[in-house]
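Morning, everyone. Please have a look at the model on the screen before I start.

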Amino acid sequence: MAADRPGFRRMPMVRWYSPLQLANTGARVLISLILETWSDKREIQAALPVDPPHNLSNRNELWLDFVADLGDGWDSTYGIASLLARPELELQDRQRSFPTRRGNVLVMGGDLVYPTSRISDYENRMIGPYRTALPWTEGPEQPDLFVIPGNHDWYDGLTNFMRIFCQGRWVAGWRTHQSRSYFALQLPHRWWLWGIDIQLDHYIDDPQIRYFQDLGRQHVRTGDRLILVTAEPSWIYAKRKGPLLYRNFDYFERKVVRPSGAQLMVALTGDLHHYCRFQEVGGSRQLITAGGGGAFLHPTHNLPKRLGKELKPHPDSDVPEFERVSTSPSKAQSLRLLWRTLLMPLINPEFAALIAAVPILQLWSMQPALSGGRSTLADAIQRASLGDLARASADSPGSVVIAALIVLAMVGFAKARGVKKWGPGVAHGLAQVTVMLVTIWLAGRLAGLIALRGFPLTLLLLGLVAVLGGTAAALVFGAYLAGANRLLGMHDNEAFSALRIRDFKNFLRLHFDESGALTIYPVGVERVADAVPHLIESPIRVAPPG
Ligand SMILES: [Fe+2]
């Protein structure tokens, strides 16, 4: 890849299934887990000066943009950055056209870069596209930038995040102001926006709780309205995995927001790379996921329809019912995209190459039982029936161990608990073992069609086992992802990260008008190549305070 401009490279979408990426991400996740255990940067941040709330309340009206999960491939990240940079944007729903203006403030809601938080990742995948979209700004309307970290920003313990966003620097044409990984904005007409840092979905640290409690006591008046920006849609995770997943958000609501007198009207987040809005049943509170800043698309067909008791992890939790009102992509579009996982070997050939090593190992472990020391492996395989191969596999301790490891690995990979984990995991593992034997048998038949002997024949056989075995294993893997996702709602992330879909991007444009009302424009880009913005749904109006 040639450098397009000094300082960064245009990057393709992250290939999550490439062997190097798998190893790299695994190592980074491990390091971040160790770092969070031994040193929580948020507690160290308590030594930094306390930021007063950034005060924009003297304005009569204000525009604010929200984007999350950015910093992936150039096309999608730059596509959204260039829309955020435009001074004006005309947006249309079915009936009307709405003139909108670039946000006076840009809020980034976590996962600012992928796959990890190395400085080169930030430069190539996030700062580069944003600097190209808006190299600088001048005059009184220079926009501000406020950010919270997501789990990908935490992969280096937040070191680069703090350097880039928490030292009063410019990031492209946007100016940063915060000194900690969380912040508060005082907006016109008694609106507030708070960005909280939940680290890797862990408890919210004490200094952060105290920061917002002090802010609530000193600056918030009863009846003020609050927009909370957090790095995860814990309301959706709570529905999937139980109310404990909602406890951080709920704790913050009970211990900080409620005593301040503010009304929590809107929660904004990313982490899931799609658009999804829940609205309070019989009310106007909103829970919005808009993680469409550039990262690969996540599906919407497994999202819950209603949220209720799972948002009540504590007897004092005061949570109304919410219902899902809109998603992008639609359920039908999302389902159509899922079947692309059947093309796994074509989409991720390096993954197929990686797992091609397994049937080779299996063949090698079966060699003594198969040839019986009387013939070469190649000759033995050409003569062996499927039954012979199955018997040789069962008689070879190495082969049995490999088969058992495959089944256990697939059980470990199945993201569920109990029967839902073991059932699909064992079935997938057994399918992989069976298909592996079939491909070895098929390789023997095909090798027999070519008149080769000795070493060249062995080489051909190994090549065929690797190519057929890797392709078949990747095919079965893709079919498992599609089936488990469609039938059991599992593996949203694993299935769709494999696809690296750059389309269906989004961001939110918020307008606080003279009357004090808030209007939220959900802006979508269905095809990044076209870069044509549209309204995902009609603008959402949230009534003024009081
Ligand atoms: Fe993300």
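First, the ground rules. This is a predicted model: local features need pLDDT of at least 70, side-chain atom pairs count only at pLDDT 80 or more, and totals for chains, interfaces and linings use all residues. Residues are numbered from 1 along each chain as its sequence is written, and side-chain values use heavy atoms, with hydrogens and water left out.

Now the metal. Which residues supply the protein donors of the iron ion? They are Asp-69 (OD), Asp-111 (OD), Tyr-114 (OH) and His-273 (NE2), at 2.1 to 2.3 Å from the ion. A donor here is an N, O or S atom within 2.8 Å of the metal (3.2 Å for Na, K and Ca); water is not among the atoms, so sites may look incomplete. Along the chain, the donors follow the spacing D-x41-D-x2-Y-x158-H. Asp-69 sits in the loop between strand 2 (62–67) and helix 3 (74–85), and His-273 in the loop between strand 12 (263–269) and strand 13, so this pair ties together parts that are 204 residues apart in sequence. Helices (H or I, at least four residues) and strands (E, at least two) are DSSP runs, numbered from the N terminus.

Why is the arrangement called irregular? Because the four donor atoms subtend angles of 86 to 176° around the iron ion. For the cut-offs: four donors are tetrahedral if all angles lie between 85 and 135 degrees; four are square planar and six octahedral if opposite donors are over 155 degrees apart and all others between 65 and 115; anything else is irregular.

Asp-69 and His-273 are both buried. Buried means under 20% relative accessible area, exposed over 50%, and partly exposed in between (1.4 Å probe, protein chains only).

On to salt bridges. The rule is a side-chain nitrogen of Lys or Arg within 4 Å of a carboxyl oxygen of Asp or Glu. That gives 19 salt bridges.

Take Arg-277 and Glu-537, which pair at 2.6 Å, N to O. This one links distant parts of the chain, 260 residues apart: Arg-277 is in strand 13 (residues 275–280), and Glu-537 is in the loop between strand 19 (533–535) and strand 20 (540–542). Arg-277 is buried at 7% relative accessible area. Glu-537 is buried too, at 14%.

Now a pair within one helix. Arg-210 bridges to Asp-206, with the closest N and O atoms 3.0 Å apart. They are separated by about one helical turn, because they lie four residues apart in helix 6 (residues 206–219). Arg-210 is partly exposed at 44%, and Asp-206 is partly exposed at 47%.

Another pair is Asp-388 and Arg-391, at 2.9 Å, N to O. These two are three residues apart in helix 14 (residues 386–395), so about one helical turn separates them. Asp-388 is partly exposed, at 31%. Elsewhere, salt bridges with shared partners join Arg-306, Glu-321 and Glu-323 into one network.

Last, the two other spots. Ser-328 is in strand 16 (residues 322–328). Ser-328 is buried, at 12%. Beyond its neighbours within four places in sequence, Ser-328 contacts His-274, Tyr-275, Thr-300, Phe-504 and Ile-536. Contact means heavy atoms within 4.5 Å.

Finally, Leu-442 is in helix 16 (residues 419–448) and is partly exposed, at 35%.
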